[in-house]
Amino acid sequence: MMNSAFSAVELAPSDPILGLTELFKSDSNPNKVNLGVGVYYNDDGVVPLLDCVKTAETQIVAKHRARAYQPIDGNAKYNKLVQTLLFGAESEVLDSNRIITAQTLGGTGALKVGADFLKQVVGCTDVWISDPSWANHRGIFGNAGLNVNVYPYYDSETRGIAFGPMVDQLKALPQQSVVLLHACCHNPTGVDLNEDQWRTVVDIVVDRGLIPFLDIAYQGFGSSLDEDGFVVRLFAERCRSLVISNSFSKSFSLYGERIGGLSIVSDSAEEAKRVQSQLKCLIRTNYSNPPIHSGALVETVLANQDLKKQWDLELGGMRERIKRVRSDLSTNIAKLCPGVDFSFITKQKGMFSYSGLTREQVIKLREEYSVYAVESGRICVAALNSKNIKTVSEAISQVII
Ligand code: LMR
């Protein structure tokens, strides 16, 4: 027998977010709550299947279509609809054909193809992500071969933005540095820049010749689909080079379907064609082309005015429920721990809250109360509901006193 070729392979650490779900599943406590992964659960504690998606799926299945390969960059109708959703139907970048979009395997797939493009094709060396950022940003850009650096973002004293230090850092970056920005509902903090701050950031990006990479995975979870698109539109108006990754995992509740998009704005239609040709090479040698079903689902909803309206309503329902549980959690903590102010949680946006819980407190929550949170203190408030909020509030109050 030959010796194993893999005998020296080391055990890798489990993923800080998805690894928690594995731990959670193996917990036998019937009152366990998973506030780790960024998934929206409804008030019954289940991941919803949206009515607009059900209708779209019924229509698609009824057609019994054959399953030929898709184009390398995916479903062309879907790609166009993504552009309209992100930039608005009236956008100059659409009119001038300066934008190209590729259907990707979720937002993560878009980030990966975008990172490969910047490293291999554009020749970028460094990316700057917010401190803190989604844990996987570092891994994705690092694996693509870019040096991953951080710019100041969150101020734990004020629970707001460290805007002065952030601006100073951005102003000091060399040309062609890639700057990754969360377009809305910052993950993990839930704290976003205001519109004036975004205008300052876009000025710096333009002045310094930086390459903005906007990650928008939570459009519709902050204020509305339209308002949450503000940053994308602002950058599209000002920047001649722009990369955007978007995801429909959350907004369509289509997590396991892996549906997102990578959009790149170029200086001209001709440049955009060259960019598209390079993206196709990257995708072809990676996974060849994306699957059909997920793109068809989103396409069917976005292309039909009634279904799109229904989607907007259902998304609004998720957003409003999150706001209610944020407020309930803050009220509960105020009652259980007089003197502790948790009201910041009602001001944060999207599915996450940087709760301020320390790593030790998070471990205690998990080991003693079966309440799972990310060790950074991030909690997914979208997993709270009228049945588990009492347990969670009591558990949190026990670990913070
Ligand atoms: C999260 O931040 O929890 C989500 O985006 C899910 C993931 O893939 O990490």
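What is the order of the strands in the open sheet of 7 strands? The order is β2-β10-β9-β8-β7-β3-β4, with mixed pairing. Strands here are DSSP runs of E of at least two residues, and helices are runs of H or I of at least four, both numbered from the N terminus; two strands pair if DSSP finds at least two bridges between them.

A word on the source: this is a predicted model, in which local features need pLDDT of at least 70 and side-chain atom pairs count only at pLDDT 80 or more, while totals for chains, interfaces and linings use all residues. Residues are numbered from 1 along each chain as its sequence is written, and side-chain values use heavy atoms, without hydrogens and water.

β2 (99-105) and β4 (147-152) stand at the edges; each has a single partner strand, so one side of each lacks a neighbour in the sheet. The partner strand β10 (residues 259-265) runs antiparallel to β2, joined by 7 bridges, and I100 stands opposite I264 in β10.

Helix α3 (residues 76-87) lies across β2, β8 (211-216), β9 (242-247) and β10, at about 110 degrees to β2. Such angles run from 0 to 180 degrees between N-to-C directions, with axes fitted to C-alpha atoms, for helices over the stretch in contact (heavy atoms within 4.5 Å).

Finally, G36 lies in the loop between β1 (33-34) and α2 (51-63). Beyond four places in sequence, G36 touches I17, L20, Y372, A373, V374, R378 and C380.
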